[in-house]
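Let's learn to read this structure together, one feature at a time. Take a look first, then we'll talk it through.

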Amino acid sequence: MSVTEPAPAKVNLALHVVGRREDGFHLLHTLCVFTELADLVSAAPAGRDKLHVTGPFGADLPNGRSNLVIRALEKFRARFPGHLPDGIEIHLEKHLPIAAGLGGGSADAAALLRVLARMCETPVADGEIFALAATLGADVPMCLLSQPCEVTGIGENIAPLSTFPHMHLVLVNPLEQIATADVFRRLEHRHNPPMPDLPAPLDRAALLSLWLADTRNDLETPAIELVPAIATIVDAIAATSGCVTARMSGSGATCFGLYGSAAAAHQAAHDLREKFSGYWVAATPLLGQ
């Protein structure tokens, strides 16, 4: 029997770089949300382990050990021996662009962990799954949760938000891959002020809009040095009707606009597709808590 889980895109509505550890990892303070737009990960018992990658961006991904999904399977087997069938066939349907600042690889790995946990005959505690997720990458635990959250440290400190306004996003990517390490290398200041305190409860779009006005993405400027189109995209999104906030997500190159209604988001996406022919443009609701 096949088990399927979505791998929602992660969007950093704000991302402050607040320090750097001695081991080189950067300390972040970020507000993360997740979208209904997602990759799909499914798995079923098989004669041997195998990964199939399909979907609009499937050709851009390897299906061997360099794929984080395979490493997630290997680590799950090592940590929970005897819990899974001897062979598992995985199907990754890739709808999110690669190296795009949307946490796609981390989201795929997190979705597979949820799939594998469901396939186990012997239940595995959630805390054990989160501990395993942390060994796969800083973004994987928050992607395992996939709900609005405030995140600090290198990604290990996750505070889910009890309330969040129902909002919509438009995502635009110029289809230029950008390596996170390259962006951080160009970061001029690594010890910046943290995000302001979040309103409590954060339950209205107006509150979120006011709060976002005092935040930023510290990686946007260095990313623009690598992909100048980011600046043009952010300006174009900001000019669409009903846009609350426009900026880059993560380390780029995907940019987003935040909207209060599906109608406004879909109209903005329509207008942006006309303006940026050949770019990837998508409108999607946010996932709630």
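**Reading side chains and strands**

Q: What is the relative accessible area of Arg216, and how do I read it?

A: Arg216 has a relative accessible area of 26%, so it counts as partly exposed. The scale goes like this: buried is under 20% relative accessible area, exposed is over 50%, and partly exposed is in between (1.4 Å probe, protein chains only). Keep in mind that this is a predicted model, where local features need pLDDT of at least 70, side-chain atom pairs count only at pLDDT 80 or more, and totals for chains, interfaces and linings use all residues. Residues are numbered from 1 along each chain as its sequence is written, and side-chain values use heavy atoms, leaving out hydrogens and water.

Q: Which side chain does Arg216 meet in a salt bridge?

A: Side chains of opposite charge can pair when their charged atoms come close. Here, Arg216 meets Asp218, at 2.5 Å from N to O. (A salt bridge needs a side-chain nitrogen of Lys or Arg within 4 Å of a carboxyl oxygen of Asp or Glu.) Asp218 is buried, at 13% relative accessibility.

Q: Where in the chain do Arg118 and Glu5 sit?

A: Their side chains form a salt bridge of 3.0 Å, N to O. Arg118 belongs to helix H2 (residues 104–119) and Glu5 to strand E1 (residues 3–20), so the pair, 113 residues apart, links distant parts of the chain. Those labels are DSSP runs, numbered from the N terminus: helices are H or I with at least four residues, strands E with at least two. Glu5 is buried, with 14% relative accessibility.

Q: How many residues apart are Arg185 and Asp182?

A: They are 3 residues apart, about one turn of helix H5 (residues 180–185), which holds both. Arg185 is exposed at 57%, while Asp182 is partly exposed at 26%. In the whole structure, a search finds 10 salt bridges.

Q: What is the strand order in the open sheet of 4 strands?

A: Strands of a sheet pair through backbone hydrogen bonds, either parallel or antiparallel. This sheet runs E8-E9-E7-E10, with antiparallel pairing. Strands E8 (243–248) and E10 (280–285) are at the edges with a single partner each, so one side of each has no neighbour in the sheet.

Q: How many bridges join E7 and E9?

A: Two strands pair if DSSP finds at least two bridges between them. E7 (residues 168–173) and E9 (residues 255–259) have 5 bridges, in the antiparallel sense. Leu169 stands opposite Leu258 in E9.
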